[in-house]
Amino acid sequence: MKYVKLFEQFIGEASKRDPESIRKEYKELKKMSTSELRKMWSLSYKIGNPKGLDKEGLISDLLNDKYGHKYVASAFESLVVESGNAIEDSRPFEQSEIPGTLKWIEQNVYPVIGIDGLGEDAAVIGSAGKKREGQTSGDIDIAVSADKIAGHLNTSVAKVLFEMDKAIKESGLQTKLAVGFQQVSIAAPIGGDFKNGVGQVDLMLSRDIKWSKFMYHSPDFTKDESKYKGAYRNILLMAAVGKCFYEVLDKTEDDQVKVYQAHVIRLNQGIVQVRKSFEGKKGLLKNAKLLKEFDKEVTNTPQEVVDLLFKDADVSEIMTYESLKNLIDSNRFKFPNLRKEIYDKCYSRLEECGLPLPDDVAWIYMIRWHYKT
């Protein structure tokens with residue numbers, strides 16, 4: 001049968017665990033019908049009923065079962081871009097409509113999942129409410145405590161995403177589950193009134209609210225804090241952390257890297273020391289594979305992130321792209337010999353994400369890349 005062949009093809013390429021391959025496979029699965037995905041889900045899981053899952057949930061389950069949650073989460077987190085609207089018929093929020101929506105969420109959703117309110121257990125993250133008058137926000141992102149919700153719903157942290165989705169659904173709200181992003185999207189009444197239509201509010205599970213606020217921070221554009229959205233700062237910070245703690249552990253006889261160790265930033269976890277290997281059965285692989293048994297948490301404290309890279313600096317100095325770049329260019333940066341590698345990595349990553357290069361370097365890199373090709 002067609003779906004059996006599709007499933008056999010799907011599981012036959014499980015060795016390709018690099019983010020690019022996972023994202024490519026996600027796009028291919030999106031082209032399939034929901035009925036085909038449900039049949040594949042049943043072949044993959046054997047036990048359970050996929051009828052309660054929408055298309056996004058089915059795809060997330062299939063990818064997570066094949067590759068493991070860490071690989072899938074890493075593939076989508078590395079994009080550092082918004083996932084887009086998951087709620088059908090939702091419309092963007094005017095900035096003036098956001099406070100009323102948040103108040104409605106606090107009164108009608110937080111009690112369902114055991115959150116007392118904004119503070120230690122929940123925080124609004126991203127750019128919603130920080131844009132200039134006349135600009136809209138496609139959604140509202142709220143980080144919520146996975147541990148607090150798991151305790152309230154009497155479940156484990158591993159299952160809390162599904163139980164949170166179930167509880168909110170049972171309260172009468174439309175939801176969309178995105179396992180890869182560890183979030184539940186809600187169709188919330190805009191301004192607190194369904195007569196205004198619905199907008200998408202994303203509840204994103206967090207094991208540490210302070211870390212989530214730090215990593216998902218957006219500049220306040222009403223105060224001209226930055227010319228660039230938070231993705232620019234994150235990509236530069238990720239490039240710096242990745243390059244400054246890169247260490248080759250093993251090479252081939254002709255000096256090619258076999259195994260290396262590095263620090264990576266995981267948006268929902270913190271800085272993690274990872275080890276990757278290019279070694280394959282038939283020689284070196286094109287993309288290094290993660291040796292997850294060597295994963296070691298380094299920190300999820302923002303000030304300790306600053307201390308890894310800089311001397312006598314404060315968290316407030318790395319909250320925007322401009323301030324972080326100024327600090328890297330200063331004599332307080334501990335790794336001045338790596339500046340070029342960091343910027344090259346950052347700007348090539350911005351290109352991959354479809355983000356325009358910053359004004360001050362765009363012409364330099366356009367010329368450089370032009371002559372490379």
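**Figure 1. Residues 78-83 of the predicted model, where pLDDT stays under 50.** Across this segment, the model has 13 contacts beyond four places in sequence. For the protein chain, the mean pLDDT is 84, with 84% of residues reaching 70 or more.

**Figure 2. Helices H1 and H12, the elements of lowest and highest confidence in the protein chain.** Helix H1 spans residues 2-11 and has a mean of 51. Helix H12, covering residues 302-309, reaches 97. The protein chain as modelled contains 15 helices and twelve strands.

**Figure 3. The largest nonpolar core, comprising 46 residues.** Leu237, Leu309 and Phe310 touch the most other members of this core. At least two residues each are supplied by strand E2 (122-125), helix H10 (209-215), helix H11 (230-244), H12, helix H13 (321-328) and helix H14 (339-352). H11 provides the largest share, nine residues.

**Figure 4. A second, separate core of 31 residues.** Among the members of this core are Ile115, Ala122, Leu161 and Ile190.

Figure 5. Of the 373 residues, 48% are buried. Among contacts between residues at least 6 apart in sequence, 55% join residues at least 24 apart. The chain exposes about 19,400 Å², of which carbon and sulfur atoms supply 49%.

Methods: Residues numbered from 1 in each chain as written. Predicted model: local features only at pLDDT ≥ 70, side-chain atom pairs only at ≥ 80, totals over all residues. Heavy atoms only, no water. pLDDT = per-residue confidence, 0-100. Helix = DSSP H or I, 4+ residues; strand = E, 2+ residues; numbered from the N terminus. Contact = heavy atoms within 4.5 Å. Core = buried A, V, L, I, M, F, W, Y, C linked by side-chain atoms within 4.5 Å. Buried < 20%, exposed > 50% of the residue type's maximum accessible area, 1.4 Å probe, protein only. Areas by Shrake-Rupley, 256 points an atom, 1.4 Å probe, with all protein chains shown as cover.
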